[in-house]
Amino acid sequence: MTLEQLLILHPWLFVWAALVLGLIVGSFLNVLVWRLPKMLERDWRAQAHEILGLPAEPGGPTYNLLRPNSCCPHCSAPIRPWENIPVISYLLLRGAARDATAASARATPSPNWHAGCSRHLSPGTTASAGRPLECCS
């Protein structure tokens, strides 16, 4: 049985696959939105020091899309990989790092959830299989 045949026979598989893919993309976008401005600022500062002939600032720890690992924005407690599952971990941990007492912002899972659901809630698609709606004229 091919993947296409499987998805035709069981459209709910397509819905779940699209939801999981959307959650993964949303999680990556959340990291991008959080880290990219900081990465750009570090790069701009280094360029400004070079152009102005100022001594270079001491290099800090590596900061890019992969490093450092995720941590709580309030207490800097490390977030383990199994605690970093989009939306599910946020709900299970009640919006806080395992070792933290303060809850994270509600906006934290928002991009994940919106990206996960956007494929099924966007105009022109059915919620059952993501297929274009038939238009009647």
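What percentage of the 137 residues in the protein chain do buried residues make up? Buried residues make up 20% of them, where buried means under 20% relative accessible area, exposed over 50% and partly exposed in between (1.4 Å probe, protein chains only).

## Basis of the model

The model is predicted: local features need pLDDT of at least 70, side-chain atom pairs count only at pLDDT 80 or more, and totals for chains, interfaces and linings use all residues. Residues are numbered from 1 along each chain as its sequence is written, and side-chain values use heavy atoms, with hydrogens and water left out.

## Overall architecture

The protein chain contains four helices and zero strands, in the order α-α-α-α from the N terminus. Helices (H or I, at least four residues) and strands (E, at least two) are DSSP runs, numbered from the N terminus.

The chain exposes about 10400 Å², of which carbon and sulfur atoms supply 67%; accessible areas come from the Shrake-Rupley method with a 1.4 Å probe, and for residues only the protein chains shown count as cover. Among contacts (heavy atoms within 4.5 Å) with a separation of 6 or more, 55% are between residues 24 or more positions apart.

Helix α2 spans residues 11-52 and includes His49. His49 counts as buried because its relative accessibility is 17%. Leaving aside neighbours within four places in sequence, His49 is in contact with Leu54, Pro55 and Glu57. The side chains of His49 and Glu57 also make a polar contact at 3.4 Å; such a contact is a pair of N or O atoms within 3.5 Å, where within protein one must be able to donate a hydrogen and the other to accept it, and residues adjacent in sequence count only if both atoms are side-chain atoms.

Val20 is also placed in helix α2 and is partly exposed, with a relative accessible area of 45%. Its C-alpha atom is separated by 9.1 Å from that of Pro86, 66 residues apart along the chain. Pro68 is situated in the loop between α2 and α3 (88-92), and a cis peptide bond with omega of about -5° joins Arg67 and Pro68. Most peptide bonds are trans.

## Second largest pocket

The lining of the second largest pocket includes His49 and Glu57, with Met39, Arg42 and Pro58 also among the residues. By class, this lining has four nonpolar, three polar and four charged residues; Ala, Val, Leu, Ile, Met, Phe, Trp, Tyr, Cys and Pro count as nonpolar, Asp, Glu, Lys and Arg as charged, and the others, Gly among them, as polar.

Methods: 1 Å grid on protein atoms, 1.4 Å probe; cavity = no way out; pocket = protein on both sides within 12 Å on 5 of 7 lines; lining within 4 Å.
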